[in-house]
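I'm putting the structure up first, then writing down what I look up.

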Amino acid sequence: MNANVVPGVLVELELKTGEILRIVGPARVEVLDGSLLAVGAIYRRGESFVVHSLRSYGIKALEDTKIKATLGEGASVEEPSEDEEVIDDWINVAKIIREDPRKIKKVIIIGPVESGKTTLTAFIANYMMERGSKVCVIEGDVGQEDLAVPGTLSLALPLRKFLWLRELKCERIRFVGCISPSHVQCQLHVLTALRELIEEAENLECDTIVVNTDGWVSSKQALDFKVSIIRWLRPTHVVTLSNDIYDIMRAVLGHNFFTVVLKARAPMKVKERSREERRRLRIEAYRKYFSAGSKTVSLRLGEVGLIGSCVLGGQRISIDEAITLCPSLQPVRDKVLFTSLYGQYLNVVLSDGLHSITCGESADHSYIINAVRKDDLSGYLVGVLDEEGKDVALGIIEDVDFNNNVIKVRTPYSGKISALVVGRIKLSPNYEDTGRVLRCGI
Ligand SMILES: Nc1ncnc2c1ncn2[C@@H]1O[C@H](COP(=O)(O)OP(=O)(O)OP(=O)(O)O)[C@@H](O)[C@H]1O
Ligand SMILES: [Mg+2]
């Protein structure tokens with residue numbers, strides 16, 4: 001490199017063959033001459049890419065190369081110290097995968113938070129695409145918003161090189177309704193959704209399938225979950241981004257097992273995202289999803305399926321029956337809009353006010369009263385299922401109108417909806433996903 005770079009300016013740099021630099025965004029890099037590797041993709045003379053303000057990447061000159069970098073506020077071009085950059089290590093990992101004689105490569109990336117999982121997923125995808133593979137990328141990190149929104153898993157079919165999963169179009173989505181894989185129920189949904197997305201990738205005839213996973217890896221439970229993913233997805237390769245996880249996966253899978261365990265180094269100097277930046281990215285992702293042509297549709301209660309909803313999906317009972325089970329409802333009966341039973345719950349939707357209702361001595365003690373306000377039913381993020389029961393889109397519950405017996409949902413999907421899947425994510429009107437969810441769904 002022949003220049004020390006001051007941020008906020010436009011610079012031209014000459015890189016010698018094999019030279020590595022780190023670009024910290026926001027920056028636009030144009031190749032003026034030669035070629036370079038960025039996130040596994042080759043950028044040649046005349047081509048350019050943009051590094052987002054929250055990202056940093058290593059680039060490597062594949063020949064003597066001249067670049068022009070336009071650096072925004074906070075951006076920089078850095079010369080990594082010896083062995084600091086991981087690009088050569090990642091090239092080796094991608095090469096091993098490519099040279100595996102098995103025709104279909106199914107690769108799972110496992111690593112801690114901020115260890116480079118998403119970037120390595122893109123790296124392997126680009127590397128394989130560059131060499132003629134048809135690649136499917138599966139976002140299996142349930143807390144992420146890169147490809148779709150949190151609470152979903154998704155699949156993309158990249159047609160050209162990319163740096164960040166955000167640049168890809170989500171082709172298939174599965175709503176899982178939770179963002180914390182530490183809950184067993186969430187793991188069940190994630191595992192099943194992953195299986196389905198792998199099947200979709202196979203149907204799309206992808207010969208390389210790269211699966212990103214969440215960064216929950218440090219506890220026994222977390223490791224058990226990752227091992228279950230490997231057991232049920234049967235990848236050809238698992239790439240680990242930490243020595244400890246590598247050792248454990250090697251021990252768990254032994255030498256004879258179908259899956260090859262590989263180790264990739266985690267980048268040392270990364271651009272970390274603060275809590276606030278992560279929150280903003282999530283809001284942006286929900287907004288992007290719902291502002292693209294979504295409209296409100298009314299669905300009839302009793303006709304549309306309501307999966308995961310203990311209140312609306314419960315067994316309907318009359319107010320009189322509910323009062324028999326819980327006599328304390330009598331004084332508020334004119335506020336009762338809906339009553340149902342689901343397992344041990346006696347659900348009551350009230351028009352206003354939250355009454356902490358205790359059913360008293362004479363009540364049927366086989367039930368736990370679950371009194372909720374009508375307004376609390378709005379804001380839930382839901383999965384939208386088509387006539388065949390397949391996930392086709394997401395929606396937000398806008399209102400449950402008990403007078404007209406309809407549930408209003410905003411969704412970009414315009415076909416026939418057979419059911420909604422309710423999870424544990426509630427959005428505020430400005431797309432914050434920190435809303436308190438009811439103990440029993442809606
Ligand atoms: N080779 C590299 N050199 C420097 N920074 C890098 C490199 N690769 C990735 N990064 C940066 O490191 C940060 C974390 O990377 P990435 O998002 O891929 O990790 P992750 O494990 O998916 O994180 P999360 O746990 O948040 O999903 C990002 O800002 C990314 O741009
Ligand atoms: Mg990630």
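Which residues are linked in a network of salt bridges? I found Arg172, Arg174, Glu196, Glu200 and Lys390 in it. My cut-off for a salt bridge is a side-chain nitrogen of Lys or Arg within 4 Å of a carboxyl oxygen of Asp or Glu.

**Ground rules**

I'm working with a predicted model, where local features need pLDDT of at least 70 and side-chain atom pairs count only at pLDDT 80 or more, while totals for chains, interfaces and linings use all residues. Residues are numbered from 1 along each chain as its sequence is written, chains are lettered from A and ligands numbered from 1 in the order in which they are written, and side-chain values use heavy atoms, with hydrogens and water left out.

**Salt bridges**

I looked up the total, and the structure holds 32 salt bridges. Side chains of opposite charge can pair when their charged atoms come close.

I picked Lys226 and Asp214, whose closest N and O atoms are 2.8 Å apart. This pair links distant parts of the chain, with Lys226 in helix 4 (residues 220-233) and Asp214 in the loop between strand 14 (208-213) and helix 4, 12 residues apart. My helices and strands are DSSP runs numbered from the N terminus (helices: H or I, at least four residues; strands: E, at least two). Buried or exposed? Both Lys226 and Asp214 are buried. Buried means under 20% relative accessible area, exposed means over 50%, and partly exposed is in between (1.4 Å probe, protein chains only).

Next I checked Arg373, which forms a salt bridge with Asp376 at 3.2 Å between the closest N and O atoms. Arg373 has a relative accessible area of 32%, so I put it down as partly exposed. Asp376 is at 14%, so it counts as buried.

Then came Asp399 and Lys374, whose side chains meet in a salt bridge at 2.8 Å, N to O. I noted Asp399 as partly exposed because its relative accessibility is 21%.

**Helix 2**

Helix 2 (residues 117-130) has 14 residues and reaches 20 Å from its first C-alpha to its last, close to the 20 Å expected. I get the expected span from 1.5 Å times one less than the number of residues. Why do I call helix 2 largely enclosed by the rest of the structure? Because 13 of its 14 residues are buried. After helix 2 comes Gly132, with a positive phi near 90°.

**Phe162**

I found Phe162 in the loop between strand 12 (152-156) and strand 13 (170-175). Phe162 is buried, with a relative accessible area of 1%. Leaving aside neighbours within four places in sequence, its contacts (heavy atoms within 4.5 Å) include Val39, Tyr43, Ala122, Ala125 and Met129. Gly40 is 122 residues from Phe162 along the chain, yet their C-alpha atoms are separated by 9.1 Å.

**Ligand 1**

How many residues surround ligand 1? I got 24, and the closest are Ser56, Glu85, Lys117, Thr118 and Thr119. A residue makes the list if one of its heavy atoms lies within 4 Å. Strand 7 (56-61) and helix 2 each supply at least two residues of this shell.

I also noted that an oxygen atom of ligand 1 is 2.9 Å from a polar backbone atom of Glu114. For Arg273, an N or O atom in the side chain is 3.0 Å from an oxygen atom of ligand 1.

Notes:
A polar contact is a pair of N or O atoms within 3.5 Å; within protein, one must be able to donate a hydrogen and the other to accept it, and residues adjacent in sequence count only if both atoms are side-chain atoms.
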